[in-house]
Amino acid sequence: MDLVALMLADSRFPGGGHVHSGGLEEAAARRLVVDEASLRSFLVGRLRTAGALAAVFAAAASAQDGYAELDAELDARTPSPAQRAASRTQGRGIARAATRAWPSARLEGLLRATPRPHHPIVVGVLVADPFEAAQTVAYHAVTGPATGAIRLLGLDPFGVNAVLAGLAPEIDAVAGHARDHAGTPPADLPAPSAPGLDLLAEAHDRHHAEEVRLFAS
């Protein structure tokens, strides 16, 4: 794995995908995730759906130049407004840091085409190898929720990291499938979906808005 991919996977990198809980907060509030076993089930489900979708588009963005079309197609495959907003917030954060760390004509082209790109698209533009780009966003798909589980549920950090380590073959399989579609036209890219995660994201967004209104009143 090259240095760019390693830095993007690092939780210290500004705006990285690791900051998004991916529905874990709402799942924990509903007692859908309570321990390491239920956390693993949640992570596998997220990896095979939202993670797989992100991986496919990261691989395609690494291999193709039609950034606006890729961004629009990913938008169409992300029905939850909360999930779309989170992806674009993460993408913009990474893009801002990357313009200082790795300025390039490709990155400039992406930001001209879409000033607030989706997270997988900007990762794909930054990471030259489609497999590594897909692997990075697939990793982000599970590390954010895993970190949230430690914070929200008080799970043992060693145990949670063991769960993540055990997902390595699954992450590589998702990345390999994404690499196989790196040259697929954007409109024909796979569209794995996760309605349950979308509903959790929307519920969390509503609860957050209600809390803001409550404290503001």
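Is Ser80 buried or exposed? Ser80 counts as buried, at 2% relative accessibility; buried here means under 20% relative accessible area, exposed over 50%, and partly exposed in between, with a 1.4 Å probe and protein chains only.

Before going on, the ground rules. This is a predicted model, where local features need pLDDT of at least 70, side-chain atom pairs count only at pLDDT 80 or more, and totals for chains, interfaces and linings use all residues. Residues are numbered from 1 along each chain as its sequence is written, and side-chain values use heavy atoms, with hydrogens and water left out.

Back to Ser80. This serine lies in the loop between α4 (67–76) and α5 (81–101); helices are DSSP runs of H or I with at least four residues, strands are runs of E with at least two, and both are numbered from the N terminus. Leaving aside neighbours within four places in sequence, Ser80 is in contact with Asp198, Ala201 and Glu202, contact being heavy atoms within 4.5 Å. Ser80 and Leu199 are 119 residues apart in sequence, yet their C-alpha atoms are 7.6 Å apart. The side chain of Ser80 also reaches the backbone nitrogen of Gln83 at 3.1 Å. That is a polar contact: a pair of N or O atoms within 3.5 Å, where within protein one must be able to donate a hydrogen and the other to accept it, and residues adjacent in sequence count only if both atoms are side-chain atoms.

Gln83 turns up again at the largest cavity, as one of the residues nearest its centre, along with Arg46, Ala50, Ala54 and Ser87. A cavity is a set of points on a 1 Å grid over the protein atoms alone where a 1.4 Å probe fits but cannot get out; a pocket is an open set with protein on both sides within 12 Å along at least five of seven lines; lining residues have an atom within 4 Å of a point. The largest cavity holds about 390 Å³ of space, a volume being the space filled by probe spheres set on the points, with grid points joined across faces, edges and corners. Its lining has 25 residues, and the elements giving two or more of them are α3, α5, α7 (119–126) and α8. The largest share, five residues, comes from α3.

Next, helix α8. Why call α8 largely enclosed by the rest of the structure? Because 18 of its 24 residues are buried. Those 24 residues should span 34 Å at 1.5 Å a residue, and the end C-alpha atoms are 35 Å apart, which agrees; the expected span is 1.5 Å times one less than the number of residues. At the N-terminal end, Asp129 caps α8, with a side-chain oxygen 3.1 Å from the backbone nitrogen of Phe131. Just after α8, Gly154 takes a positive phi of about 70°.

Asp129 is also touched by Ser62, a residue of helix α3 (residues 36–63). Ser62 is buried, with a relative accessible area of 9%.

Last, the second largest pocket, with about 180 Å³ of space. Helices α8 (130–153) and α9 (157–166) each give two or more residues to its lining, and α8 gives the most, with five. Eleven residues line this pocket, and Tyr139, Thr143, Thr147, Asn161 and Leu164 lie nearest its centre.
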